[in-house]
Amino acid sequence: MERVLMSGNEALARAAWEAGVTVASGYPGTPSTEILEELVKYDEVYAEWAPNEKVAFETGIGASIAGARVLVTMKQVGLNVAADPLFTFSYTGVNGGFVFVNADDPQLHSSQNEQDNRHYARAAKIPMLEPADSGEAKDMLIRAFEISEEFDTPVMLRTTTRISHSKSIVALGERTEVSNKPYKKRFDKYVMLPGNAMKRHVFVEERLRRLAEYNEASDLNSVIEGSSKMGIIAAGAAHTYAVEAFPGASHLKLGMTYPLPVETIKSFAATVDQLFVVEELDPFLEDQIKAMDIVSSRHRWWRPVIGKAVLPMVGELNPDIVYLGLTGAYALAKDLAKPGLAAALETSDKLAGSFSDVSMRPPVMCAGCPHRAVYYVLKRLRAIVNGDIGCYTLGALPPLSVLDTQLCMGTGATVVHGFGQADPAFKKKAVGVIGDSTFIHSGITGLINNVYNGGQNTIIILDNRITAMTGRQHHPATGRTLKGTPAHELDFEKLGKAVGVASVRVVDPYDVEETEKVIKEEMKREASSLIIARRPCLLTERFSEPPYVIDREKCKDCGACINIGCPAIARIDGLPQIDETVCVGCALCFKACKFDAISQKKEG
């Protein structure tokens, strides 16, 4: 059997192929994006980007009911969008196996909140698996399809950023060709009218009981025997941290974390003096284990389970944090820790101090990013800017500092309407800003709402022809599918007119004067308006004009070029200077300078 090094996302794609999946859908979002990008390379699987997670989930539901094995992928906030179909699909159950991968993002590496999506499995009453490395990710996904079909349920496989992006050894297998299950019309199963849904709720509760029994006997959970002084229960990445910090302790590693194997946990607890639960974010396992009213039969007394009393509820864990937390709570644990860890932590603290002077590089739009020109104009106009998720979020940071609001996907096209409805004075001050991909994701409905309810607002689509921030994925307006094949290209201009927008205009943001003129005119308009600021992302279509330079003799150090926030411009020896290796020649700094101190470098 061939063994290769894979990331968790690569392993999940491989597992879907080996499991006989034929249909896959998702919406790009870190840390889940690479699963479909890898899966599309397997010709036996039809994989697609959907406009949003709800659409992806519902596409998957249709394919499952039709009999195919289906994979759906999303990041943690994406499950909020897909939650509506999830809860009812739990009732109907599946035909072909249905597994969705939910990738949580502890530490907020690329997210707007740090929610713990394990609660979704409990709320929807579906089984959840949590792998601890790439090899387990592959094996567990295959097992998840078996569970899905055996118990007639969608299955959630939950990863975190460390599992999705870390690499470990994966044993490759062969693909199992799985024929579509015959489709049978089932009014009682697939039509959730109240009378049918009530009966299916009874089924869901009984299914949950059978899943708990399955988990008790399952090899998805395992025990690493160690000292009886200390027992640690964990899953996923937290388990690897706990083992690294306390290799001498006893460990119960959970693979299926909902529904929990109650008797397995009680049996493990009975063998140790003190029980700890190590998990990131919420006390999801801890609260359930505490509710089990565990009593140590070994000592005939009860001791509280310790978890979040000594471990943080914010951010990622690591072996150092686990060590410090558990040794602080339980002095005897120190002799079960990794030899030399305390000394190593002391040394690392000193090292951390020595690096404190290293400058942090804040997130910033690329040199020549067309979004910057739009924000430059909006700042000049002192507009109230309602933003959205993506590269355009970076306009909120200094020195641009343009955004007034930004919550989640779609709000760039909705919040502006609320501003106008709250106070008519805002109708000529506030604009909504949203990217091309996020407009398709959930901004279209906001535009329709704005028109339908008489909004007199301007919505600007920053159309860079790609889903840029997650790694340049295609969407319905790029004219290409996930596989790169040609597709119908959604026409924003026609769409705007079709839904009834009073004025639809297209500008090139590199033409700053025209962009400012159009935005000013549309903000004054007493009707709904849509501006499409179109210029391809520089990472997709490289712009190659000669760079600009600053004449230090003419420069008055007014700060106008610095304030556009271009990473190619920095203050060197007291005056602004352009890094010619970074500059792409967009000319925004040239247009911002009032003293003719900036000019384009002559070729040759």
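User: Is Tyr 548 buried or exposed?

Analyst: Tyr 548 is buried in this predicted model. Its relative accessible area is 8%, which is under the 20% cut-off for buried.

User: And how exposed is Phe 590?

Analyst: Phe 590 is partly exposed, with a relative accessible area of 40%. That value falls between the 20% and 50% limits.

User: Let's move to ring pairs. How many aromatic pairs does the structure hold?

Analyst: There are 11 aromatic pairs in the structure. In one of them, the ring centres of Phe 57 and Phe 100 are 5.3 Å apart. Their planes meet at 65°, so this pair is edge-to-face.

User: Where in the chain do those two sit?

Analyst: Phe 57 is in helix 3 (residues 53-65), while Phe 100 is in strand 5 (residues 98-104). The two are 43 residues apart, and their pair links distant parts of the chain.

User: Buried or exposed, those two?

Analyst: Both Phe 57 and Phe 100 are buried.

User: OK, back to Tyr 548. What kind of pair does Tyr 548 form with Phe 590?

Analyst: Tyr 548 and Phe 590 make a tilted aromatic pair, with 5.7 Å from centre to centre and 35° between the planes.

User: Which elements does that pair tie together?

Analyst: Tyr 548 belongs to strand 20 (residues 548-550) and Phe 590 to helix 20 (residues 588-592). These parts are 42 residues apart in sequence, so the pair ties them together.

User: Which residues form an aromatic cluster?

Analyst: One aromatic cluster is made up of Phe 57, Phe 89, Phe 98 and Phe 100.

User: What lies over the face of Phe 203?

Analyst: That would be Arg 200, at 4.2 Å from the ring centre of Phe 203.

User: Now the big picture. How many helices and strands are there?

Analyst: The protein has 20 helices and 23 strands. Its radius of gyration is 27 Å, close to the 25 Å that the globule rule gives for 604 residues, so the protein is as compact as a globular protein of that length.

User: What does the C-alpha trace span along its principal axes?

Analyst: The C-alpha trace spans about 85 × 65 × 50 Å.

User: How much of the protein counts as buried?

Analyst: Of its 604 residues, 55% count as buried. The accessible surface is about 26,000 Å², and 54% of that belongs to carbon and sulfur atoms.

User: Last one: what share of contacts comes from residues 24 or more positions apart?

Analyst: Such residues account for 75% of the contacts with a separation of 6 or more.

Key:
Residues numbered from 1 in each chain as written. Predicted model: local features only at pLDDT ≥ 70, side-chain atom pairs only at ≥ 80, totals over all residues. Heavy atoms only, no water. Phe/Tyr/Trp six-rings, centres within 6.5 Å; stacked < 30°, edge-to-face > 60°. Helix = DSSP H or I, 4+ residues; strand = E, 2+ residues; numbered from the N terminus. Buried < 20%, exposed > 50% of the residue type's maximum accessible area, 1.4 Å probe, protein only. Lys NZ or Arg CZ within 6 Å of the ring centre and 35° of its normal. Rg over C-alpha atoms; globule rule 2.2 N^0.38 Å. Contact = heavy atoms within 4.5 Å. Areas by Shrake-Rupley, 256 points an atom, 1.4 Å probe, with all protein chains shown as cover.
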